[in-house]
Amino acid sequence: MVAGRVEGTSATAVAEPSETVRRQRVFSGMQPSGTPTLGNYLGAIRNWVVQQDQYDNVFCVVDLHALSLPTDRDTLRANTLNLAAALLAAGIDPARSVLFAQSDVREHSELCWLLTSVTQFGELRRMTQFKDKSAGREDVSAALFVYPVLQAADIILYDADLVPVGDDQRQHVELTRDIAERFNRRYGQTFVVPKPDIKAEGARIMALDDPSQKMSKSSGRPMSYIALTDDADTIRRKMKRAVTDSGSEVRAVPDKPALVNLLTIYSLLTGEDVPTIEERYAGRGYGAFKTDLAEVVVATVTPIQARIAEYAADPGAVQAILADGADRARDQASRKMALVRDRIGLGAG
Ligand code: AMP
Ligand code: TRP
């Protein structure tokens, strides 16, 4: 947990734990832009949860990032609390992980501005997520452009070693490394240079209606994704409608991208390997497979939904967890910023 690490880096610490015993620090974030999808769950949340014991964890609801697209006050506040509740319901444990809302720790905004001075305009222009999200829009905010710098600030503020994310975030974590290295070269060793932690399986769950696109809640096509809050009948209906490839054999082969995606989901949720699943459905066609897959998904989300309902009935509990998380995060962040300001030569000293 952060507490242990904070002691290790504080001026009053008795002894600095050696590198070999120090647990690696994980940082990751998620935007409060609606209910997480099965893609968010398999690409990110689930990995955060299962790795909790192994690492020192900091997880952040990145509400400042959500401002990069137009937002409504009440929706933003509700989405922040709902996402925090969903993360807790999925298994993020405040006793083992710090969970907080980004804007509650002002140091994120401050470091973002400072890092814009060591980030090139051309680097940001090359970000594929910026190109995708700005394509065809007239009202592209500067925030959308600067977004990856804020992400870099999130990560390096806490000296994170590892950033568990889906594949679409690889480029942002690579940029974070470049920014951290550049700052260290210019001002002296200040930041840990983080590594992306992207799993071979599940890092890119595809849309149910089009296996060439990633599953995303912002697609505007409800049949393309499963939300963690979808009820059982909705999940069954979406699975039934999910596109399959030509033929009828349940096989994960390159010319069956839709089946590869569905088998990946089945395998990750059950822990069974793909050949075992293929064998089970040999000669039984797509229908039986999709019917069972819907039940596998329902079995995963049902207990999460029950816990979300408990948190929904007690929003004060979620607020208290986020407030405590922010206190713990701020402790570390403010110390880091004092060092950063001094390194750059800001203020009166
Ligand atoms: P976002 O909802 O864009 O804030 O994404 C939150 C996290 O979920 C990030 O780590 C993403 O890489 C991950 N993610 C989003 N969509 C998918 C997907 N379709 N498959 C796997 N991971 C995803
Ligand atoms: N940009 C990430 C996404 O859309 C969210 C994010 C913000 C993030 N800050 C982060 C992820 C820091 C990892 C680390 O998914």
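User: Which kind of ligand 2 atom does a polar side-chain atom of Asp 154 lie close to, and at what distance in Å?

Analyst: A polar contact is a pair of N or O atoms within 3.5 Å. In this predicted model, a polar side-chain atom of Asp 154 lies 2.7 Å from a nitrogen atom of ligand 2. Tyr 147 also places a polar side-chain atom 2.7 Å from a nitrogen atom of the ligand, and for Gln 151 the corresponding distance is 2.8 Å.

User: What share of ligand 2 does the protein bury?

Analyst: Here you take the ligand's area alone and ask how much of it the protein covers. Ligand 2 exposes 370 Å² taken alone, and the protein buries 91% of that.

User: Which elements give two or more residues to the shell around ligand 2?

Analyst: Those are strand 1 (25-30) and helix 8 (142-157). Helix 8 contributes the most, with four residues.

User: How many residues surround ligand 2, and how do they divide by type?

Analyst: There are 13 residues around ligand 2, and His 65 and Gln 169 are among the closest. By type, the shell has six nonpolar residues, six polar and one charged.

User: Let's turn to Ala 89. Is Ala 89 buried or exposed?

Analyst: Buried means under 20% relative accessible area. Ala 89 has a value of 0%, so this residue counts as buried. Ala 89 sits in helix 4 (residues 73-90).

User: Which residues does Ala 89 touch, leaving out those up to four places away in sequence?

Analyst: Ala 89 touches Ile 304, Arg 307, Ile 308 and Tyr 311. As for Asp 139, 50 residues from Ala 89 along the chain, the two C-alpha atoms are separated by 36 Å.

Note on methods: Residues are numbered from 1 along each chain as its sequence is written. Chains are lettered from A and ligands numbered from 1 in the order in which they are written. This is a predicted model: local features need pLDDT of at least 70, side-chain atom pairs count only at pLDDT 80 or more; totals for chains, interfaces and linings use all residues. Side-chain values use heavy atoms; hydrogens and water are left out. A residue is near a molecule or strand if one of its heavy atoms lies within 4 Å of it. A polar contact is a pair of N or O atoms within 3.5 Å; within protein, one must be able to donate a hydrogen and the other to accept it, and residues adjacent in sequence count only if both atoms are side-chain atoms. Accessible areas come from the Shrake-Rupley method with a 1.4 Å probe; for residues, only the protein chains shown count as cover. Ala, Val, Leu, Ile, Met, Phe, Trp, Tyr, Cys and Pro count as nonpolar, Asp, Glu, Lys and Arg as charged, and the others, Gly among them, as polar. Buried means under 20% relative accessible area, exposed over 50%, partly exposed in between (1.4 Å probe, protein chains only). Contact means heavy atoms within 4.5 Å.
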